[in-house]
Amino acid sequence: MIKKAIVIATLTLLGSTAVQSADLFKPDDAVKYRQAIYQIFAAQTGVMGGMSKGDIPFDAAEINKRAMNIGTVAPMLGETYFPATRDVKGTKLKPAAWSNMEGMQAKGEVFGKALGELIAASAEPDFDLKKARPAIGALLQGCKGCHDDYRAK
Ligand code: HEC
């Protein structure tokens, strides 16, 4: 069920909420809000990456919690992507996103799938470091896959 919710959330990343959210948020604030969500992502993956590398002791429950945290805030991203945010100073969203929303959405789906799989796998009793490494790696690839194409340096 969680998996399904995340897939739906990523599908609506640049979706139909656009009209309403433009009425609710000033473009500058929406970009700050968006970047803050990505900072939450980074804090969670920082812990997971640390465990993956062996810098932090492995803890399956902790990984599950971090993955769930990402799943909790990820659906909020959608409402931060409305056209008036395009020209905000400080946004690193590449203009390519606006001309190829399907492309960016596809990256969101790859990411959402990896996240859903990590949430499911890390809830299993046999989830160990050997299983965690590739699952966390896939999630991080999901971040990178989108950044490579849609985030400016
Ligand atoms: C579907 C695309 C996509 C995915 C998936 C994605 N990001 Fe990003 N990320 C972006 C874009 C676009 C920006 C730039 C947003 C802006 O500045 O308006 C960004 C910005 C960021 C930032 C900088 C925020 C700031 O303060 O300016 C961090 C950190 C970040 N992402 C981390 C992550 C992590 C970690 C993941 C994976 C867990 C991830 N992102 C997944 C597209 C994505």
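**Note on the predicted helical model and its ligand shell**

1. Of the 153 residues in the protein, 27% are buried. The model is a predicted one, and the values below should be read with that in mind. There are seven helices and zero strands, so that, by the DSSP assignment, the order of elements from the N terminus reads α-α-α-α-α-α-α. Among contacts between residues at least 6 apart in sequence, 85% join residues at least 24 apart.

2. The ligand is surrounded by 23 residues, and the closest of them are Q35, Y38, K92, C143 and C146. Helix 3 (27–53), helix 6 (101–122) and helix 7 (129–150) are the elements that give two or more residues to this shell, and helix 3 supplies the largest share, eight residues. Sorted by class, the shell holds 12 nonpolar, seven polar and four charged residues.

3. Helix 3 has 27 residues, which at 1.5 Å a residue should span 39 Å, and the 38 Å between its end C-alpha atoms agrees with that expectation. Its buried residues are A30, V31, R34, Q44, M48, M51 and S52, and the buried residues of helix 3 pack against helix 4 and helix 7. After helix 3 comes G54, whose phi is positive, near 90°.

4. The largest nonpolar core has 18 residues, of which A67, L115, L118, I136 and L139 touch the most other members. Two or more residues of this core come from each of helix 3, helix 4 (60–73), helix 6 and helix 7. As a general matter, nonpolar side chains in soluble globular proteins tend to be buried together.

5. Helix 4, with 14 residues, reaches 20 Å from its first C-alpha to its last, close to the 20 Å expected at 1.5 Å a residue. The buried residues in helix 4 are I63, R66, A67, I70 and G71. Because they cover an arc of only 140° around the axis, these residues lie on the same side of helix 4. In general, an α-helix has 3.6 residues a turn, so residues three or four places apart point the same way.

6. Helix 7 has 22 residues that should span 32 Å at 1.5 Å a residue, and its end C-alpha atoms, 31 Å apart, agree with this. Buried in helix 7 are A132, A135, I136, L139, G142, C146 and Y150. Seen down the axis, the buried residues of helix 7 fall within an arc of 100°, and they therefore line one face of the helix. K130 and D148, on the other side of helix 7, are exposed. The buried residues of helix 7 pack against helix 3, helix 4, helix 5 (96–99) and helix 6.

7. G112 lies in helix 6, and it counts as buried because it has 24 C-beta neighbours inside 10 Å, where 20 or more are required. The C-alpha atoms of G112 and L139 are separated by 8.4 Å, although the two residues are 27 residues apart along the chain.

Methods:
Residues are numbered from 1 along each chain as its sequence is written. This is a predicted model: local features need pLDDT of at least 70, side-chain atom pairs count only at pLDDT 80 or more; totals for chains, interfaces and linings use all residues. A residue is near a molecule or strand if its C-beta atom, placed from the backbone, lies within 6 Å of it. Helices (H or I, at least four residues) and strands (E, at least two) are DSSP runs, numbered from the N terminus. Ala, Val, Leu, Ile, Met, Phe, Trp, Tyr, Cys and Pro count as nonpolar, Asp, Glu, Lys and Arg as charged, and the others, Gly among them, as polar. A nonpolar core is a set of buried Ala, Val, Leu, Ile, Met, Phe, Trp, Tyr and Cys residues joined through C-beta atoms within 7 Å. A residue is buried if 20 or more other C-beta atoms lie within 10 Å of its own, exposed if 12 or fewer, and partly exposed in between; C-beta atoms are placed from the backbone. The expected span of a helix is 1.5 Å times one less than its number of residues. The arc is that of the directions from the helix axis to the C-beta atoms. Two residues are in contact if their C-beta atoms, placed from the backbone, lie within 7 Å.
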